[in-house]
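Trainee: Can we go through this one together? I'd like to start with the aromatic rings.

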Amino acid sequence: MMSIGVFGGFSAGEGEQYRTAARELGTLIGQGGHRLVYGGGRGGLMGEVAAATLAAGGTALGVIPEFLVARDRIAHTPIHPVVHTPDLFERKRIMIAESDCFVALPGGYGTLDEVLDVVAMRALGVLSAPLVLLDIDGAWQGFLTVTGDLRSRGFIRRDPGFQLADTAAAAFTHLASLHPVS
C-alpha cells in the first residue's frame with residue numbers, strides 16, 4: 001500500500017476534463033487499496049479525488065487549515081480522518097510527512113506552493129518521494145517554461161525531480177514503477 005499525496009485545486013477549474021482526471025486518479029488509488037493524503041476539502045479537484053478514492057474502496061487522510069474549514073462549509077462528520085491545522089505551513093508539513101509519493105493535479109497558488117516545496121526538498125536531497133505532474137490539457141506547460149528558463153539562467157542546477165503524465169493511469173503507473181509495493 002502506498003500513501004499518495006495528491007495536490008490539486010480547491011476549485012475544479014474550467015472544463016470537465018480536470019474533474020474527470022481527478023475522479024480517475026481517485027478511482028485508481030482506491031482500487032489499488034492505497035491511502036490518499038490530500039488537502040481535506042470537499043470542493044474542487046481535491047473533493048473529486050477524495051470522493052472517488054473512497055467510493056473505490058481506498059482510505060483517505062484529509063489535512064485542512066482551520067480557516068479553510070469555514071470556506072469549504074464542512075457541515076457533516078467526515079467518513080475518513082481529517083486533521084485540522086493552524087495554517088497552511090503545518091498542512092504541507094503533515095501532507096509531505098504522511099506521503100510516500102505525490103501527484104499534482106492542476107490547481108492554483110496553493111497547488112504551486114505545494115509542488116515547489118516537494119521539488120525544492122527533492123533538489124536539496126531531503127526528500128526522495130517521487131512526484132508526477134498530471135498535465136491535463138497542458139495545464140503544467142507554463143510551469144515547465146518557467147522552470148526551464150530558470151535552469152537556462154543557471155538558477156536551477158539539478159534535475160527538476162518530477163515527471164509529467166497526461167492521464168491519471170499514466171501517473172499512477174509511473175508512481176508504481178518508482179515506488180514498488182513491498
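Mentor: First, the term. Rings of Phe, Tyr and Trp (its six-membered ring) pair if their centres lie within 6.5 Å; planes under 30 degrees apart count as stacked, over 60 as edge-to-face and the rest as tilted. This is a predicted model: local features need pLDDT of at least 70, side-chain atom pairs count only at pLDDT 80 or more, and totals for chains, interfaces and linings use all residues. Residues are numbered from 1 along each chain as its sequence is written, and side-chain values use heavy atoms, with hydrogens and water left out.

Trainee: Which residues form one aromatic cluster?

Mentor: Trp140, Phe143 and Phe162 do.

Trainee: How many aromatic pairs does the structure hold?

Mentor: Three. Take Phe7 and Phe102: their ring centres are 5.4 Å apart and the planes sit at 15°, so this pair is stacked.

Trainee: Where in the chain are Phe7 and Phe102?

Mentor: Phe7 is in strand β1 (residues 3-7) and Phe102 in strand β5 (residues 101-104), 95 residues apart. Strands (E, at least two residues) and helices (H or I, at least four) are DSSP runs, numbered from the N terminus.

Trainee: Is Phe7 buried or exposed?

Mentor: Buried, because its relative accessibility is 2%. Phe102 is buried too, at 0%. Buried means under 20% relative accessible area, exposed over 50%, partly exposed in between (1.4 Å probe, protein chains only).

Trainee: What about Trp140 and Phe143?

Mentor: They pair edge-to-face, 5.4 Å centre to centre with 80° between the planes. Both are buried.

Trainee: New topic. Which residues are buried in helix α4?

Mentor: Helix α4 covers residues 88-98, and Arg91, Lys92, Ile94, Met95 and Ile96 are buried there.
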